[in-house]
Amino acid sequence: MNYNVSRSHNDKPGEWPAPGAPPGGAGLGTEEGDTAMLNPPRIRCLASLLMLALLLGGSPSRAEVRMTEVDINDANQRAELLNTGPAPVDLTSWTLQTLSGSFPLSGVINVNQHRVFNLPTFAVPLIRNRGDCLELFDPNLDALVDRVLFGDTGGAPLDIQAQAASSLSRAAGGADPGGGTSATAWTVDFSSTFGNPNNAPAPNFTPTVRINEIIPQGGVTILAELYDRTGGGVNVTGYTLTTGQDSVALTGSIPPGGWAVFDITSLTFEFSLNLYLFNSTGVRIDQQGLSDAPGSQVTWLQVKAQGESLGRYPDGQGPGTGFDLSSSGYPVTLQRMPRTPGGANIGQPGSVHVPLSPIPTVGAAFVLMVLASWKLAGRSRARR
Ligand SMILES: [Ca+2]
């Protein structure tokens, strides 16, 4: 087991809005008035979530202007647009909109220009920092220009709150009105490039190292177990685990086809219930989301109360681009299970979860030993 952890920045308390809390961001100075701008973006966003599959094959209507970088820290939120040509575009009447409200754009964006818009500061930020649907909208068109879904709302990762230099950054692809490429086109840039071309490496979810098990321990300590799917062993020194609130740099190795365990208690994990894994060159290679829905921790709280964990079964299996329980494979390849830090996960093949009795803090080796001795006893009984 490996518990080596180095903190990167100071903790900030996690934040969850009270159930039923109204969306913020009203009164963003649009000509149509405050309330008029509150609901249309939400409806459009939620409806579009259901139509993502249909939109995946669609062609962008205004592919020359796209969102390229977003800073989602509580204070000083900002967004960068890029015009890839062939002509300057007048942004008058265009808006950036989220589930909370909208912000009017203005001026002209020239060919190959990266324009940065500082978003107004409100008690409730325009962009919800644990996840949101951010859209670029030209009211002269019937379709959106671009969309990214991140955090607990979609596959793009969270900006890291504790790292002022980080940003949510487009690393591949063009404008995507459906938002279907959010997971694969967007990533965290640990050193933002506002006003300049992006340089963060594109994600690569080819299974190599996987977040295999997330283990709350009585609400005191949270462990993350990584699993080597290459079979050859992996040096994970320089890898990063982040929740969007903070990050930890990993040191050590995973033995061939084996497991390594890291203490991620410092990440304020419950800020978003999203965990992202980056390799030593900053490539995002895996992620899991454990919320039932944006803002809902019901299953996670049950897992904590029962002394269980949430793990992949079989080890290393399932999607690598998840942002909530369902998209992360739950309850089939991601299951509630007894804790097995540093050992094979114990799940139920291809079935819906039936809660197991929690086992005390014993290693998987002990469990396997017990099972093996039970099996040997069975054999000796059979011989008689
Ligand atoms: Ca395990």
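Predicted model: local features only at pLDDT ≥ 70, side-chain atom pairs only at ≥ 80, totals over all residues.
1. Five strands make up an open sheet, arranged in the order β8-β3-β2-β11-β12 with antiparallel pairing. Its edges are β8 (114–118) and β12 (186–189), each of which pairs on one side only. Averaged over the sheet and with direction ignored, neighbouring strands are turned by 30° against each other.

2. Strand β2. This strand covers residues 65–71 and is mostly covered, with 7 of its 7 residues buried. In the order of the sheet, β2 stands between β3 and β11.

3. Pairing of β2 with β3. Strand β3 (residues 78–83) runs antiparallel to β2, and 6 bridges join the two. Within this pairing, Met67 lies opposite Leu81 of β3. The hairpin formed by β2 and β3 has 6 residues between the strands, and there Asn76 adopts a positive phi near 65°.

4. Pairing of β2 with β11. On this side, 2 bridges link β2 to strand β11 (residues 167–170), again in the antiparallel sense. Leu168 in β11 is the bridge partner of Val70, while Glu69 stands opposite Ser169 of β11. As a general point, strands of a sheet pair through backbone hydrogen bonds, either parallel or antiparallel.

5. Ser247. This residue belongs to strand β17 (residues 247–250). Ser247 counts as buried because 25 C-beta neighbours lie inside 10 Å, and the cut-off for that class is 20 or more. Between Ser247 and Ser266 the C-alpha to C-alpha distance is 8.2 Å, with a sequence separation of 19 residues.

Terms used:
Residues numbered from 1 in each chain as written. Helix = DSSP H or I, 4+ residues; strand = E, 2+ residues; numbered from the N terminus. Buried ≥ 20, exposed ≤ 12 C-beta atoms within 10 Å, placed from the backbone. Pairing = 2+ DSSP bridges. Axes fitted to C-alpha atoms, helices over the stretch in contact; angles between N-to-C directions.
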